[in-house]
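Please read these notes with the model open beside you. The points follow one residue first, then widen to the chain and its ligand.

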Amino acid sequence: MPDAIVCENLVKVYGGVIRAVDGVSLDVPEGEAFGLLGPNGAGKTTMVSILTTLVRPTSGRAIVDGLDVAKHPEEVRRRIGLAFQVSTADGELTGRENLEVAAGLQGIPAPEAHRRIRELLEQMQLAPAADRLVKGYSGGMRRRLELAVGVVHSPKILFLDEPTLGLDPQGRAGFWDYIRHLRKDTGVTLFLTTHYLEEADQLCERLAIVDHGKIVATGRPDELKQRTGGDTVVVKPSHGEDLAPILSAVPGALAVQVIAGAYRVKCDRGEAMVPLIVTACDRAGVEIASVEIRKPSLDEVFLELTGREYREEDTEHGGWASERLGQMRGGRP
Ligand SMILES: Nc1ncnc2c1ncn2[C@@H]1O[C@H](COP(=O)(O)OP(=O)(O)O)[C@@H](O)[C@H]1O
Ligand SMILES: [Mg+2]
């Protein structure tokens with residue numbers, strides 16, 4: 001498979017100091033669903049903005065569908081679709097009108113545009129709401145409309161920046177189905193960013209976990225989870241005692257790590273380990289505040305690689321993206 005996207009040592013520095021993207025190299029073969037997973041501020045939107053020609057990299061190279069984004073921005077734009085993390089649909093227009101504007105910007109001739117728009121409204125189950133103003137749409141409907149806008153010109157590569165930000169879990173799961181169908185029907189290459197662990201797990205064939213502008217791990221979701229190898233039992237002492245010698249001596253303890261005052265014991269099966277740990281601490285006269293079994297997850301991978309908990313809930317709507325969107329609307333960076 002030829003590569004749809006290649007990044008070579010991409011760097012983006014804002015204002016001379018903020019290294020939003022800090023030496024990222026990756027490749028995405030055609031037809032793959034690739035995800036960038038990372039917390040807020042990790043550099044995801046900046047990555048998408050570079051790949052979609054909205055932001056120039058400080059250094060390094062980005063190739064999209066065989067074209068250098070810095071040298072051939074217009075050609076790249078014709079081949080890609082984009083839906084940004086902030087809502088982009090115009091509330092004062094109907095769903096159909098939003099799609100007509102998008103088709104017009106893409107230079108699709110009217111008869112073809114009408115056919116395409118009808119098809120997309122059906123696919124996204126928006127036909128009954130097509131002639132209503134978008135300001136009356138639910139969050140899920142808006143997201144579907146934005147997805148339709150992103151693919152109105154049948155792009156080869158689709159970029160989705162946090163496509164389900166702000167949707168409730170049910171709305172999110174519903175939206176994933178639309179994306180899955182779209183991929184099945186069109187074979188479009190998908191490059192999506194998310195800070196939802198479950199979204200990355202469900203939707204992406206391959207992932208790069210990003211933090212502070214750098215890739216900290218790449219692989220299939222199941223491969224990444226295997227990296228943590230087995231269960232982890234997290235033990236917190238009541239009075240800050242050093243548990244390392246006690247826990248290391250428990251039969252079945254493969255490794256002991258301390259992160260933020262919590263002891264993490266690697267083992268094959270957490271359920272078998274907990275009673276042994278409790279007994280060992282009891283014998284040593286140490287009082288335990290809590291014991292918890294953690295199964296292999298992307299959350300655990302992130303914690304092990306960065307020494308920090310991955311926090312999904314701290315969502316914050318980026319203001320930068322909306323500025324860029326204005327550029328996109330105008331058609332010029
Ligand atoms: N236009 C900009 N000017 C200055 N700093 C920016 C700009 N856009 C993003 N940043 C900063 O770059 C870092 C990465 O931001 P961003 O790419 O939006 O991350 P994410 O999408 O993962 O939340 C953050 O520290 C953010 O504040
Ligand atoms: Mg972002």
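1. Leaving out neighbours within four places in sequence, Asp231 is in contact with Cys267, Asp268, Arg269, Gly270, Ile293, Arg294 and Lys295; two residues are in contact if their C-beta atoms, placed from the backbone, lie within 7 Å. Asp231 sits in strand E11 (residues 231–237). Helices (H or I, at least four residues) and strands (E, at least two) are DSSP runs, numbered from the N terminus. Asp231 has 21 other C-beta atoms within 10 Å and is therefore buried. A residue is buried if 20 or more other C-beta atoms lie within 10 Å of its own, exposed if 12 or fewer, and partly exposed in between, with C-beta atoms placed from the backbone. Asp231 and Pro296 are 65 residues apart in sequence, yet their C-alpha atoms are 5.9 Å apart.

2. A word on the basis of these values. This is a predicted model, in which local features need pLDDT of at least 70 and side-chain atom pairs count only at pLDDT 80 or more, while totals for chains, interfaces and linings use all residues. Residues are numbered from 1 along each chain as its sequence is written, and chains are lettered from A and ligands numbered from 1 in the order in which they are written.

3. The protein chain is divided into domain 1 (3–224 + 313–330) and domain 2 (230–295); these bounds come from an automatic or database domain assignment. The centres of domain 1 and domain 2, taken over C-alpha atoms, are 42 Å apart. Along the principal axes, the C-alpha atoms of the protein chain fill a box of roughly 80 × 45 × 35 Å.

4. The protein chain contains 12 helices and 14 strands. Of its 333 residues, 40% count as buried. Among contacts in the protein chain with a separation of 6 or more, 70% are between residues 24 or more positions apart.

5. The largest nonpolar core has 73 residues, of which Leu51, Val64, Ala148, Ile157, Phe159 and Phe191 touch the most other members. E2 gives the most to this core, with 5 residues. A nonpolar core is a set of buried Ala, Val, Leu, Ile, Met, Phe, Trp, Tyr and Cys residues joined through C-beta atoms within 7 Å. Not counting residues up to four places away in sequence, Phe191 touches Ile5, Val28, Phe34, Leu51, Ile157 and Phe159. A second, separate core has 11 residues, including Val235, Leu243, Tyr263 and Ile277.

6. Is helix H5 enclosed or exposed? 9 of its 12 residues are buried, so H5 is largely enclosed by the rest of the structure. The buried residues of H5 are Arg142, Arg143, Arg144, Leu145, Glu146, Leu147, Ala148, Val149 and Gly150. Their cover includes strand E6 (80–83), helix H3 (95–105), helix H4 (110–123), strand E7 (157–161) and helix H6 (169–186). H5 (residues 139–150) reaches 17 Å from its first C-alpha to its last, close to the 16 Å expected at 1.5 Å a residue; the expected span is 1.5 Å times one less than the number of residues.

7. Ligand 1 has 14 residues around it, and Tyr14, Ala20, Lys44, Thr45 and Thr46 come nearest. A residue is near a molecule if its C-beta atom, placed from the backbone, lies within 6 Å of it. Strand E2 (18–29) and helix H1 (44–51) each supply at least two residues of this shell, and H1 gives the most, with 3 residues. By class, the shell has 5 nonpolar, 8 polar and 1 charged residues. Here Ala, Val, Leu, Ile, Met, Phe, Trp, Tyr, Cys and Pro count as nonpolar, Asp, Glu, Lys and Arg as charged, and the others, Gly among them, as polar.

8. Most residues other than glycine have a negative phi. Thr53, however, has a positive phi near 75 degrees; Thr53 is in the loop between H1 and strand E4 (59–64) and is buried, with 23 other C-beta atoms within 10 Å. His212 has a positive phi near 50 degrees and lies in the loop between strand E9 (206–211) and strand E10 (214–219). With 15 C-beta neighbours inside 10 Å, His212 counts as partly exposed.
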